[in-house]
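Let's take a walk through this fold together, going from the overall layout to a few individual residues. Keep the viewer open so that you can follow each stop.

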Amino acid sequence: MQLKEKIREFIKSIENDEGMLPYLYNKKMKEFDPQKSWVYYSGPVWDIEEPLAAIETFLTGRWLPSGDQVARFEREFNKKYNFKSSLMVNSGSSANLIAISALKKHLNWKDGAKVIVSPVGFPTTIAPLVQNNLIPTFIDINFNDLNFNLDSVADNIDDDTVAVFASPVLGNSFDMDQLKEICDSKNIHLILDGCDSLGSKWNGRDLSDYAYLTTCSFYPAHHITTGEGGMVSSNDEELIATARSFAWWGRDCYCVGATNLSAKGACGNRFSKWLDGYEGPIDHKYLFSNIGYNVKPL
């Protein structure tokens, strides 16, 4: 019997034991009576596939933090939403922090640069701007959709403005064509906090198609969940490489997982002469080029 089948049989053998797996199934939903049953707005609803996948990944994965399944998820996410590169982190809030940190370095934003944001949203859209010594410029909202007023966006862009950080409320899009036109005409970047809007479209296009960089959250309240988790995505692969450095302690090297075991690493020159003025070899995995964090997912 294969490991996966053994795990499945074990879970089945204990799922009916009272108190053993109280949340494995939402049994009330299985016996749903529209006249009597409660409809819960939140709480765990899963079947045998979720614990099976978790246990199998834990037992067979070659690397636990940011391991095989995380790498696979990044690749599949790229295919689904037409990105060239994605980085998974431990939450949507971390995704915003890493995104803004990487953008500031990659685009050479100066301290005091302004970023246009909405006053209606989650605080971790705003906090990374302050943490990176950038200035949030708040734009009044329309009460019919709770998104910021695009005419006010255009009126509040000045010489110090470097980006619009858009966060569509509850996934309800504003006119993305108009917003993109505003950003292009002012030569600033459109950044999308897509934590509420994964899958939302404007004129048949994913909202992320309009943005230079997009963040996403996989918190349980959102469209798909990994328990906790987030993603930073872009078609600028160098930008995502910078984001990966910030998310992994500020490390300069991208060799990860099983590639650590190879003599030269995934890059082929891990033990090269990296430092000017020093002739000896330096392990690139221990060269840190950014003041980073550790926000890797399991």
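Please bear in mind that the whole model is predicted.

H5 has another helical partner in H6. Here the axes come within 9 Å and cross at roughly 35 degrees, and the crossing of H5 and H6 is right-handed. Ser93, Asn96, Leu97 and Ile100 form the H5 side of this meeting, while Thr124, Thr125, Pro128, Leu129 and Gln131 form the H6 side.

Now step back to the overall picture. The protein has nine helices and nine strands, and 43% of its 298 residues are buried. Of the contacts between residues at least 6 apart in sequence, 59% join residues at least 24 apart.

Seven strands make up an open sheet with mixed pairing, in the order S1-S9-S8-S5-S4-S2-S3. Which strands stand at the edges of this sheet? They are S1 and S3 (135-138), and each has a single partner strand, so one side of each is left without a neighbour in the sheet. From one strand to the next, the twist averages 20 degrees.

Let's look at some of the pairings. Strands of a sheet pair through backbone hydrogen bonds, in either a parallel or an antiparallel way. S2 and S4 run parallel and are joined by three bridges; in one of these strands, S4, Thr161 is the bridge partner of Lys114. S4 and S5 also run parallel, with four bridges between them, and Ala163 has His189 in S5 as its bridge partner. S5 itself is largely enclosed by the rest of the structure, because four of its five residues are buried.

Helices pack against this sheet as well. H9 lies across S1, S8 (213-217) and S9 (230-234), and runs at about 15 degrees to S1. Returning to H6, what does this helix touch in the sheet? It packs on S2, S3, S4 and S5 (189-193), and its direction makes about 140 degrees with that of S3.

The largest nonpolar core has 29 residues, of which Ile98, Leu103 and Val115 touch the most other members. At least two core residues come from each of S1 (85-89), H5 (92-106), S2 (114-117), H6 (123-131), S4 (161-166) and H9 (237-247). H5 gives the most, with six residues. There is also a second, separate core of 19 residues, including Phe148, Met176, Leu179 and Cys183.

Setting aside neighbours within four places in sequence, Val115 is in contact with Trp109, Leu129, Leu134, Ile135, Pro136, Thr137, Val162, Ala163 and Phe165.

Is Glu74 buried or exposed? Its relative accessibility is 11%, so Glu74 counts as buried, the cut-off being under 20%. Beyond its neighbours within four places in sequence, Glu74 is in contact with Ser86, Leu87, Met88, Met231 and Arg244.

Asn108, in the loop between H5 and S2, has a positive phi of about 60 degrees although it is not a glycine. Trp249, in the segment after H9, is also a residue other than glycine with a positive phi, near 70 degrees. With a relative accessible area of 35%, Trp249 is partly exposed.

Key:
Residues are numbered from 1 along each chain as its sequence is written. This is a predicted model: local features need pLDDT of at least 70, side-chain atom pairs count only at pLDDT 80 or more; totals for chains, interfaces and linings use all residues. Side-chain values use heavy atoms; hydrogens and water are left out. A nonpolar core is a set of buried Ala, Val, Leu, Ile, Met, Phe, Trp, Tyr and Cys residues joined through side-chain atoms within 4.5 Å. Buried means under 20% relative accessible area, exposed over 50%, partly exposed in between (1.4 Å probe, protein chains only). Contact means heavy atoms within 4.5 Å. Two strands pair if DSSP finds at least two bridges between them. Axes are lines fitted to C-alpha atoms, for helices over the stretch in contact, and angles run from 0 to 180 degrees between N-to-C directions. A crossing is left-handed if the near helix is turned anticlockwise from the far one by less than a right angle, and right-handed if clockwise.
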